[in-house]
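This report is an introduction for a reader new to the structure.

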Amino acid sequence: MSWIDLGNPAPKNASEPYTLFKWKTGDVQRLPAGGQRPTPELLEVLQQRRTGRYFGELDEGEFAEFLWHACRSRYTWASGMGFELEHRAAPSAGAIHPIHLVINRPGDARWWLYEPRGHMLIELPAASETLKELRDHSNEVLDAPGAVRFLLLAEPGKTFAKYSEGSSLIWRDAGALLGIMSLTAQGLGLNFCPLGITGEPWASSLANQRELVGVGLALLGSARCSALG
């Protein structure tokens, strides 16, 4: 057995300031707030949860509602580290939330950054070329032309500002986010499938100084064209 020891995380005696990564952005697309349609109770969702590997295309309302419930920021508060802490549906070590969602939708070569505090998409103009091979690679893992692709892109410096040996916390944050996304999809009647790939080596190429690293990829789509597994 091969096991990589990521150390034992611990809060630092004093948090360190950190300067957030500066994105090169393009167009902005504001998304509607989540609807009020009835959804199943949590325990019912847990009982029903399945991984869906067939994906119909989402309409704009379904896509926006999924992000609203699973990924948006509920509220924020100041920290001494140079960035705000946040409360979201998914737990995060120190309320830091170092995982960004970069999204590619069917029929669109562009990739968009989801901004959880404003519930909107921000175009990343350089990503369409940088992540082209990642898109092709994800199709080799699971060919899903109707699915929305979610790249989980970590900014480790945020977590490292507070924690020593913080790498495993970032992986746990990614897993927690995938779990919340999976349950939200089930509750909304959508199909969701995490892929085993991380997004590397392409994901980290979005930042010149390697401030970003891929920690997962997932697919989301309508269950109208579906078989479950």
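## A salt bridge between Glu16 and Lys12

Glu16 is partly exposed, its relative accessible area being 40%. In this predicted model, Glu16 forms a salt bridge with Lys12, and their closest N and O atoms are 3.1 Å apart. Lys12 is also partly exposed, with a relative accessible area of 25%.

The pair is one of several: the count for the model comes to 7 salt bridges. Two others are described next.

## Salt bridges between distant parts of the chain

Arg105 forms a salt bridge with Glu60, with 3.4 Å between the closest N and O atoms. This pair links distant parts of the chain, 45 residues apart. Arg105 sits in the loop between β5 (99–104) and β6 (111–115), and Glu60 belongs to helix α2 (residues 60–70). Arg105 is buried, at a relative accessible area of 14%, while Glu60 is partly exposed at 34%.

Glu84 and Arg117 meet through their side chains in another salt bridge, at 3.4 Å from N to O. Glu84 is partly exposed, with a relative accessible area of 36%. Arg117 counts as partly exposed too, at 47% relative accessibility. Glu84 and Arg117 also belong to a network of salt bridges that includes Glu115.

## Cysteines

How many disulfides does the model have? The count comes to 0 disulfides. For Cys71, the closest cysteine sulfur is that of Cys193, 16 Å away, which is too far for a bond. A disulfide would need the two sulfur atoms to be within 2.5 Å.

Are Cys71 and Cys193 buried or exposed? Cys71 counts as buried, at 4% relative accessibility. Cys193 counts as buried as well, at 5%. Both values fall under 20% relative accessible area, the cut-off for a buried residue.

## The largest pocket

The largest pocket has a volume of about 380 Å³. Its lining is made up of 23 residues. Trp23, His100, Leu113, Glu115 and Arg117 are the lining residues that lie nearest the centre of the pocket. Glu115 and Arg117 are also members of the salt-bridge network with Glu84.

Strands β4, β5 and β6 each supply at least two residues of this lining. Sorted by class, the lining of the largest pocket has 12 nonpolar, 8 charged and 3 polar residues.

## The second largest pocket

The second largest pocket holds about 310 Å³ of space. It is lined by 14 residues. Nearest its centre lie Leu42, His69, Leu183, Thr184 and Gly187.

Which helices each supply at least two residues of the lining of this pocket? They are α1 (42–48), α2 and α6 (167–187). The largest share of the lining, 4 residues, comes from α6. By class, the lining of the second largest pocket divides into 7 nonpolar, 5 polar and 2 charged residues.

Methods. Residues are numbered from 1 along each chain as its sequence is written. This is a predicted model: local features need pLDDT of at least 70, side-chain atom pairs count only at pLDDT 80 or more; totals for chains, interfaces and linings use all residues. Side-chain values use heavy atoms; hydrogens and water are left out. Buried means under 20% relative accessible area, exposed over 50%, partly exposed in between (1.4 Å probe, protein chains only). A salt bridge is a side-chain nitrogen of Lys or Arg within 4 Å of a carboxyl oxygen of Asp or Glu. On a 1 Å grid over the protein atoms alone, a cavity is a set of points where a 1.4 Å probe fits but cannot get out, and a pocket is an open set with protein on both sides within 12 Å along at least five of seven lines; lining residues have an atom within 4 Å of a point. Grid points are joined across faces, edges and corners, and a volume is the space filled by probe spheres set on the points. Ala, Val, Leu, Ile, Met, Phe, Trp, Tyr, Cys and Pro count as nonpolar, Asp, Glu, Lys and Arg as charged, and the others, Gly among them, as polar.
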